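The dialogue takes a few of them in turn.

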Amino acid sequence: MGAVKNMVKGFIFAAIYVVTTIVIPMLLFSWVRTMVVQGLPLDFEQQDYVSVIFWLTAFGLIISGCAFFTYSSPKQSIRRGVFALIQVLVNCLYLWSYKFSGASDITFVIADFGYFTLNISQMILVYMGVYFLTLVLKVYDIIDFSINREKIREDRMKA
Amino acid sequence: MRPSRVFRIIFRIFIFLLTISITLVSILGGLSAALILTTPDTIEVDTANADFDLQINNTTFVIEAFNFTLPFNLTNAGYFDLENLNLTINLEINYSHVDYPTPGVNTTRQLQIFTKSEYFGTIPKGTKGTFSFTGDLSNFDIGVFPNVTTEVDWYRGPPAIEFYANLIINLDYSIGLHSITIGILDLPVGGIP
């Protein structure tokens, strides 16, 4: 029964990550493309848009896959710790993909007016800082789960 | 509960609060940027009241004085202050160059004659900042200005010499997490005659 519960939990979290890492950013970029500035429509290079969406989808799918394995693993297991660590590392790559796909510094052309550039590099760096702390926590988890393996197993049996 | 788990929970709560704070600031910053850009007349460049004074000596045809004033307004419709507002203006002239590149051929040229950046500080949230950009001869690139007696085709136009401005507005938002650059290109500001 516990295994089924874990599988359902894994699917739910994978779905949450699909929404937060793929669906929401995709909707956001689509919405930005429809924005009207000073009464004039924004123009975004199709190639840039395709590149941004490709990298977000690619890393988003890997993160969602990792989330499934993380949350479907038993609590305080080494397997969970390892997948959680991989997930954080892929999350860092996902954030970095905003930078190398050009999404952190996008220029929109406003026809007959000029252009508009939005730079979110600073925001990405701050998020990277938070992910570093999360990385420390996940490494700590793996060490903790390994050292206290017997105690965790005993507690799991009692429950 | 094991002490290591208690330490973990405390650390986890700290990371959670940090993530929530940054996410809130980012979402509000993004919404503000969208509000600022989509609100009509956020950027009002008052070209009607722009003062453009170019004085050329009648005998030596040397540029003696140049003054340029451009009033503009910027409305901050967002949730945070707009910081580090910086405006760069490049002035360009468009004219027909006589006998260029070869005698008997006139070519339309566009030359940058003026460039200056000015820092305007902060516009508090929900307010409208009214500023005036000024420039003078020290920002003027005299060397590139054509010889008005021999090089400018005065039969073209009017105006024979057209003046255009490129405005580049830089500003920081959401405690510096977002940087925005808005470029207004080829804005007509005047002409001679």
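Q: How many residues of chain A and of chain B are in contact, and what area do the chains bury between them?

A: An interface can be read first by its residues and then by its area. In this predicted model, 30 residues of chain A are in contact with 32 residues of chain B, and the two chains bury about 2,800 Å² between them, with 64% of that area on carbon and sulfur atoms.

Q: How many salt bridges are there between chain A and chain B, and where does Asp141(A) come in?

A: A salt bridge is read from the distance between a side-chain nitrogen of Lys or Arg and a carboxyl oxygen of Asp or Glu, which has to be within 4 Å. The count between chain A and chain B is 3, whereas over all chains it comes to 6. Asp141(A) meets the side chain of Arg5(B) at 3.7 Å, N to O, and Asp141(A) also forms a salt bridge with Arg8(B), where the closest N and O atoms are 2.5 Å apart. Because Arg8(B) lies in helix α1 (residues 3-38) of chain B and Asp141(A) in helix α4 of chain A, this pair joins two chains.

Q: Which elements give two or more residues to the side of chain A that touches chain B?

A: Across the interface, 6 residue pairs are in polar contact, both residues being at pLDDT 80 or more. The elements on the chain A side are β1 (36-37), β4 (114-119), α4 (121-147) and α5 (149-158), and the largest share, 13 residues, comes from α4(A). By residue type, that side divides into 18 nonpolar, 8 polar and 4 charged.

Q: What span should helix α3 of chain A have, and what follows the helix?

A: A helix can be checked by comparing its expected span with the distance between its end C-alpha atoms. At 1.5 Å a residue, the 23 residues of α3(A) (residues 78-100) should span 33 Å, and the end C-alpha atoms are 33 Å apart, which agrees. α3(A) is followed by Gly102(A), whose phi is positive, near 95 degrees.

Notes:
Residues are numbered from 1 along each chain as its sequence is written. Chains are lettered from A and ligands numbered from 1 in the order in which they are written. This is a predicted model: local features need pLDDT of at least 70, side-chain atom pairs count only at pLDDT 80 or more; totals for chains, interfaces and linings use all residues. Side-chain values use heavy atoms; hydrogens and water are left out. Contact means heavy atoms within 4.5 Å. Buried area is the accessible area (1.4 Å probe) that two parts lose on being put together, summed over both. A polar contact is a pair of N or O atoms within 3.5 Å; within protein, one must be able to donate a hydrogen and the other to accept it, and residues adjacent in sequence count only if both atoms are side-chain atoms. Helices (H or I, at least four residues) and strands (E, at least two) are DSSP runs, numbered from the N terminus. Ala, Val, Leu, Ile, Met, Phe, Trp, Tyr, Cys and Pro count as nonpolar, Asp, Glu, Lys and Arg as charged, and the others, Gly among them, as polar. The expected span of a helix is 1.5 Å times one less than its number of residues.
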